[in-house]
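User: I would like to learn how to read the features of a structural model. Could you take me through one, step by step?

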Amino acid sequence: MTEVKIIGAGLAGSEAALQLAKRGIKVKLYEMRPNKQTGAHKTEKFAEFVCSNSLGSYDITNASGLLKHEMEILGSELMPIIFESQVPAGGALAIDRELFSEKVTQKIEENPNIEVIREEVTKIDENSPCIIASGPLTSDTLAADIKNFLGEEYLYFFDAIAPIIEKDSVNFEKAFYLNRYNKGDADYINCPMNKEEYEKFYDILTNAPKIELKSFEKDAKFFESCLPIEVLASRGVDTLRYGPLKPVGLVDERTGIENYAVVQLRQDNKSASLYNLVGFQTNLKWGSQKELIQSIPGLEKANIVRYGVMHRNTFINSPKSLNPTLQSRKNKNLFFAGQITGTEGYTESIASGLLAGINMAKYIANEELVELPQETILGALTHYITFEGHTSFQPINSNWGILAEMEMDKKVRKNKKMKNELLAKRALETIQKFKQN
Ligand SMILES: Cc1cc2nc3c(=O)[nH]c(=O)nc-3n(C[C@H](O)[C@H](O)[C@H](O)COP(=O)(O)OP(=O)(O)OC[C@H]3O[C@@H](n4cnc5c(N)ncnc54)[C@H](O)[C@@H]3O)c2cc1C
């Protein structure tokens, strides 16, 4: 009988193991803790929440909430344990993390189809089915072997992410489409600044508080082209105007004015609903990022779907390496799940473990794998991370901007709650077709 190896008993690996086990498939689950720790985990228990104890919203008008409902329909094994471990937290779904990990560990250890092996995996076995769910803090030796398998440039070790906003929230009375020197199609959105606006922006930027890096992240080296915007700004008031905010060749033909500085936004997804701020990778606190972005002319009401972050994060170049089924393009025996695929967040990690588990079971049974449609949040996430058109791939969490477009009345589109309710209704109806036993 075919047996599946899973590397990592974190959120994704635990969910995947239970998915396979309930389908009668034997699993060997490898976990390196407590023999080797990651720097963020504190216990030897499975599915440990390393930082906050909140999974965010459970409301279907919130993208992360909708994802949780989809996971329940698909038969997530960890969702019921989340509810058993729930603690009061207003609108958020928060848990007693120790109780949760304890329950997951017990459920896995008692399962006759799962054998737990407490050792570090240092090499991928390409000849047998395996789910790699070793997380953002994958051990160095395994990371080196994954790099070897995928190719030198397909594994990253650090996030340096620029914020992403929804195009619908841009004010085009001030912003304009244009490529520098009018070359090619007008792909970029440009937000022009005069001297006074730039000075205000610079003042906010240089006085904003930053997020403390963890001790294991302090040695991180950034490429010069990937420096945080606040580091560039600290080199002098004009550094940004000669760097990412260079105004030359970007004149709005409606005004004909030479700008003092220009913030450019680059398309971030296929349907062009999301745009990232060019050169804005940042480690500023989220409140300050919002203040800074909304001080930019044209972005006064920007809806930020993803804040900039900088932290240690091992993730593969999924657009080049994976199918939306989470199966490796290079070797069908291998699936990837969790944060290592480039989705980010507790809920997203469990969700991708769920999909990888379902698909690994189908692979072993020689059945067609599940590719979820982009009308669902989980489908949209897996399509986003495996979309080959990314110019620079960075991890993402669930958000409305990645869902397939939906025809709707103009009035409804403007009402966020009504719009999200419609998108959620469509997502839940769609995912019902993929309901698992
Ligand atoms: C410091 C930090 C803080 C975070 N805070 C939050 C937060 O507050 N909210 C949020 O939503 N998300 C947060 N995340 C992001 C993410 O949701 C979590 O990291 C999540 O746990 C990822 O799930 P995972 O299953 O992919 O990996 P993990 O849960 O990390 O599981 C991977 C497992 O693999 C094991 N492992 C690694 N290498 C090997 C090996 N070679 N052999 C055997 N086992 C191995 C590890 O010990 C670990 O148990 C945070 C991430 C980090 C790094």
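Analyst: The dialogue below concerns a predicted model and treats the ligand shell, helix packing and some local backbone features.

User: Which residues are closest to the ligand, and how many surround it?

Analyst: The shell around the ligand holds 35 residues, and the closest are Gly 8, Gly 10, Cys 51, Gly 135 and Gly 338. By class, this shell divides into 16 nonpolar, 14 polar and five charged residues.

User: Which elements give two or more residues to that shell?

Analyst: These are α1 (11-22) and α10 (346-364). The largest share, three residues, is that of α1.

User: How many of the residues of α1 are buried?

Analyst: A residue is called buried if 20 or more other C-beta atoms lie within 10 Å of its own. In α1, eleven of the twelve residues are buried, so this helix is largely enclosed by the rest of the structure. Among them are Leu 11, Ser 14, Glu 15, Leu 18 and Gln 19.

User: Why do residues three or four places apart point the same way in an α-helix?

Analyst: An α-helix has 3.6 residues a turn, so residues at that spacing point the same way. With that in mind, consider the contact with α4 (residues 97-109): Ser 14, Ala 17 and Leu 18 of α1 meet Val 104, Lys 107 and Ile 108 of α4. The residues of this contact comprise four nonpolar, one polar and one charged.

User: At what angle do the axes of α1 and α4 cross, and is the crossing left-handed or right-handed?

Analyst: Their axes cross at roughly 35° and come within 11 Å. The crossing is left-handed.

User: What are the angle and axis distance for α1 and α10?

Analyst: That pair packs at an angle of about 30°, with axes 7 Å apart, and the crossing is right-handed. On the α1 side, the contact includes Leu 11, Gly 13, Ala 16 and Leu 20, which belong to a set that meets α10 residues including Tyr 346, Gly 353, Gly 357 and Met 360. The contact of α1 with α10 has eleven nonpolar, seven polar and one charged residue.

User: Is Ala 47 buried or exposed, and what is its phi?

Analyst: Ala 47 has 27 C-beta neighbours inside 10 Å and therefore counts as buried. Its phi is near 50°, a positive value in a residue other than glycine. Ala 47 is also placed in the loop between β2 and β3.

User: And is Asn 366 buried or exposed?

Analyst: Asn 366 counts as exposed because it has 6 C-beta neighbours inside 10 Å. Although not a glycine, Asn 366 has a positive phi of about 60°. Its location is the loop between α10 and α11 (377-386).

Definitions and conventions: Residues numbered from 1 in each chain as written. Predicted model: local features only at pLDDT ≥ 70, side-chain atom pairs only at ≥ 80, totals over all residues. Near = placed C-beta within 6 Å. Helix = DSSP H or I, 4+ residues; strand = E, 2+ residues; numbered from the N terminus. Nonpolar A, V, L, I, M, F, W, Y, C, P; charged D, E, K, R; others polar. Axes fitted to C-alpha atoms, helices over the stretch in contact; angles between N-to-C directions. Left-handed = near helix turned anticlockwise from the far one by under 90°. Contact = placed C-beta atoms within 7 Å.
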